[in-house]
Amino acid sequence: AGSNGILGCEFYAAGGSRFEKSGTEFGNKYYHLVLLAKDVEGWRNLVQLASLAYTEGFYYKPLIDDELLERFSRGLVCSTACIAGEVPQLILGGKAEAAERKILHWRELFGKDSFFLEIQDHGMSEEKTVNRAFVELSRRTGVPLVATNDMHYLEREDAVAHDAML
């Protein structure tokens, strides 16, 4: 019995417009966002988002923004990503109300069965803070939790190839 892969991408989402070209790699704020294809339409939208991130949004990193997400959200599953995601960063910045507004917006955009609050535990205090907040926000908003791991390769010996790729 074979298994089917899940096609997806961790995107860099601009804090504002993907067309804004100012600051530096470290001063121009962007966030991580995980998008997975549910179907063929979702795969096409992933391809569109990745292409436009490079052709329209590239500034140190290929960036997408809310305008593109609204245009290409159909057929996609979204999760909040690691602590470098926008919602975790809002929580860590003490902006709980803004975090909840963003959660409700994404739940509406992707659908109640296609948006998840992502919890991770790599022993970091920031993750513990975000995870506690996500448990409470999940209860309040009805957005489900998903436990993941920040993984970049399968085998220890792949670390050299991953480092070269970066």
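This is a predicted model: local features need pLDDT of at least 70, side-chain atom pairs count only at pLDDT 80 or more; totals for chains, interfaces and linings use all residues.
A cavity is a set of grid points where a 1.4 Å probe fits but cannot get out, and the residues that line a cavity have an atom within 4 Å of such a point.

The largest cavity has a volume of about 50 Å³. Its lining is made up of Ala81, Cys82, Ile83, Pro88, Glu118, Ile119, Gln120, Glu127, Val130, Asn131 and Phe134. Two elements, S5 and helix H5 (125-141), each give two or more residues to this lining. The largest share, 4 residues, comes from H5. Sorted by class, the lining of the largest cavity holds 7 nonpolar, 2 polar and 2 charged residues.

Pockets, unlike cavities, are open sets of points. The largest pocket has a volume of about 480 Å³. It is lined by 18 residues, and the closest to its centre are Glu10, Tyr12, Lys61, Pro62 and Leu166. Strand S1 (8-14), helix H1 (40-55) and helix H6 (159-165) each supply at least two residues of that lining. S1 provides the largest share, with 4 residues. Of the lining residues of the largest pocket, 12 are nonpolar, 3 are polar and 3 are charged.

The second largest pocket has a volume of about 370 Å³. Here 20 residues form the lining, and Val34, Ser79, Glu118, Thr148 and Asn149 are the closest to the centre. Two or more residues come from each of S1, strand S2 (30-37), strand S4 (76-79) and strand S5 (115-119). This lining divides into 11 nonpolar, 6 polar and 3 charged residues.

The last topic is the aromatic rings. A pair of such rings is described by the distance of the centres and the angle of the planes. The model has 4 aromatic pairs. In one of them, tyrosine 59 and tyrosine 60 lie 4.9 Å apart centre to centre, with 90° between the planes, an edge-to-face pair. Tyrosine 59 has a relative accessible area of 22%, so it counts as partly exposed. Tyrosine 60 is also partly exposed, because its relative accessibility is 44%. Tryptophan 106 and phenylalanine 115 form another edge-to-face pair, at 5.8 Å centre to centre and 70° between the planes. Are these two residues buried or exposed? Both tryptophan 106 and phenylalanine 115 are buried.

Key. Residues are numbered from 1 along each chain as its sequence is written. Side-chain values use heavy atoms; hydrogens and water are left out. On a 1 Å grid over the protein atoms alone, a cavity is a set of points where a 1.4 Å probe fits but cannot get out, and a pocket is an open set with protein on both sides within 12 Å along at least five of seven lines; lining residues have an atom within 4 Å of a point. Grid points are joined across faces, edges and corners, and a volume is the space filled by probe spheres set on the points. Ala, Val, Leu, Ile, Met, Phe, Trp, Tyr, Cys and Pro count as nonpolar, Asp, Glu, Lys and Arg as charged, and the others, Gly among them, as polar. Rings of Phe, Tyr and Trp (its six-membered ring) pair if their centres lie within 6.5 Å; planes under 30 degrees apart count as stacked, over 60 as edge-to-face and the rest as tilted. Buried means under 20% relative accessible area, exposed over 50%, partly exposed in between (1.4 Å probe, protein chains only).
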